[in-house]
Amino acid sequence: MKKLLLASSMLALSATGLSGAAQAEVKLGIILGFTGPIESVTPGMADSAELAMKEVSDSGKLLGGETVTSVRADSTCVDSAAATAGAERLVTSDGVAAIVGADCSGVTGAIANNVTIPKGVVMISPSATSPALSALDDNGYFFRTAPSDARQGQVLADIMKDRGFTSAAVTYTNNDYGKGLADAFQSAFEAAGGKVTTSVAHEDGKADYSAEVGTLAASGGDLLAVFGYVDQGGRGIIQSSLDTGAFDTFLVGDGMTSEALVETFGSSIDGSVGTLPGNESEGAAKFLEFAKANGVDGDGAFRPESYDAAALILLAMQAAGTTDSAAVKDKIMEVANAPGEPILPGELAKGLEILANGGDIDYVGATAVELIGPGEAAGSYRELLVEGGAFTTVQIR
């Protein structure tokens, strides 16, 4: 709450410094799971998105000097009804021009289908990765800066093969994200000659996962693949596995690769591997530097993608000359991709000025943004290894 109040105060202060006249206000919604199974992940995501908003406000260059205000809502990550109600409030009551979010795939699809698409509001998700979202009938209003799990599943299978693992038991959170990633991994792993000994869904919110772990252990496997959430069932599955001695090595997807995982389990899961969208580009380094200089910790899951989502929305508004989503949606791909002047984190003022003068930009951002197909990131992944109780980036895939 203190961070939100600080961000709001900084935005308000920046508004007073733009000119002597009162300036117009652009409201952007941020809908993320501030409660629920990824609640340790989302505060840093929101701070990163608001960093881009503050940067644009401070520049005084958006649409002749408009300021940007963040309005937050809770997606819960898992409760579609609550997420839809939150998004409805953002659009109808708060009057946001566009939305950064949502986070988890199921609630993102619910918000898109029930609120943002029918009402014609641009939404860019920094973390919803279900392959099913690629086929969303979105009328051009939905984008994402994180790549699809169709890609992540292949990367996870490649890691298994390259590390000499030939079999795995799989458990996944019983929703669109978990099932989509589990299916993508199994398809890619088996195509490469690997064996999935069993694939078992788990429900979040349970106190005891011994039954699920017992089933998984009985099937065998070189390791246990856990495609769940770090603050919920995924953590419970790993804890039960360690407590019973069923597994001590794990393959985890991006819903698990948070610092909270290694803070909880430390070196007891050394040798485990996972994936997280990311790269080692110039933009990635600049984002960390720029965030630190502005009091934001940019080193965490989906924080670069969140900054990029907000930046793309605001740059597209400048390119469209309006905050109207019907026009903004047609400029997202244009500002995200070549040709044009490359724009890195901390350079949003430069991008806004080029666009105001009728020029072209190629927003590279923190994640080397390149939008393909239905407005989603082509994307690369960091291969992470747990060593000495901490994540180490092995390579970019």
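Helix α2 (residues 42–59) packs against helix α14 (residues 348–356) at an angle of about 55°, their axes lying 9 Å apart. Axes here are lines fitted to C-alpha atoms, for helices over the stretch in contact, and angles run from 0 to 180 degrees between N-to-C directions. Helices (H or I, at least four residues) and strands (E, at least two) are DSSP runs, numbered from the N terminus. The angle makes α2 oblique to α14, a class that takes what remains once angles under 35 degrees are called roughly parallel, over 145 roughly antiparallel and 65 to 115 roughly perpendicular. The crossing of α2 and α14 is right-handed. On the α2 side the contact (heavy atoms within 4.5 Å) is made by Ala52, Glu55, Val56 and Ser59, and on the α14 side by Leu348, Ala349 and Leu352. Sorted by class, this contact of α2 with α14 comprises 5 nonpolar, 1 polar and 1 charged residues.

The model is predicted; local features need pLDDT of at least 70, side-chain atom pairs count only at pLDDT 80 or more, and totals for chains, interfaces and linings use all residues. Residues are numbered from 1 along each chain as its sequence is written, and side-chain values use heavy atoms, with hydrogens and water left out.

Leu63 has a positive phi of about 50° although it is not a glycine. Its relative accessible area is 23%, so Leu63 is partly exposed; buried means under 20%, exposed over 50% and partly exposed in between, with a 1.4 Å probe and protein chains only. Thr76, in the loop between β2 and α3, is another non-glycine residue with a positive phi, here about 65°. Thr76 is buried, at a relative accessible area of 14%.

The structure holds 1 disulfide, a term for a pair of cysteine sulfur atoms within 2.5 Å. This disulfide joins Cys77 to Cys104, with an S to S distance of 2.0 Å. Because Cys77 lies in the loop between β2 (67–74) and α3 (80–93), and Cys104 in the loop between β3 (98–101) and α4 (105–119), the pair ties together parts that are 27 residues apart in sequence. The torsion about the S-S bond of Cys77 and Cys104 is about -95°, and the disulfide is therefore left-handed. Both Cys77 and Cys104 are buried.

The loop between β3 and α4 also contains Ala102. The peptide bond from Gly101 to Ala102 is cis, with omega near -10°. A cis peptide bond also joins Ala338 and Pro339, with omega of about 5°; Pro339 belongs to the loop between α13 (332–336) and β11 (341–343).

Ser258 sits in the loop between β9 (250–252) and α9 (259–265) and counts as buried, at 11% relative accessibility. Not counting residues up to four places away in sequence, Ser258 touches Ser40, Val41, Val230 and Phe391. Ala320 belongs to helix α11 (residues 303–320) and is partly exposed, with a relative accessible area of 24%. Neighbours within four places in sequence aside, Ala320 is in contact with Ala327, Val328 and Lys331. Ala320 and Leu355 are 35 residues apart in sequence, with a C-alpha to C-alpha distance of 9.1 Å.

Key:
A crossing is left-handed if the near helix is turned anticlockwise from the far one by less than a right angle, and right-handed if clockwise. Ala, Val, Leu, Ile, Met, Phe, Trp, Tyr, Cys and Pro count as nonpolar, Asp, Glu, Lys and Arg as charged, and the others, Gly among them, as polar.
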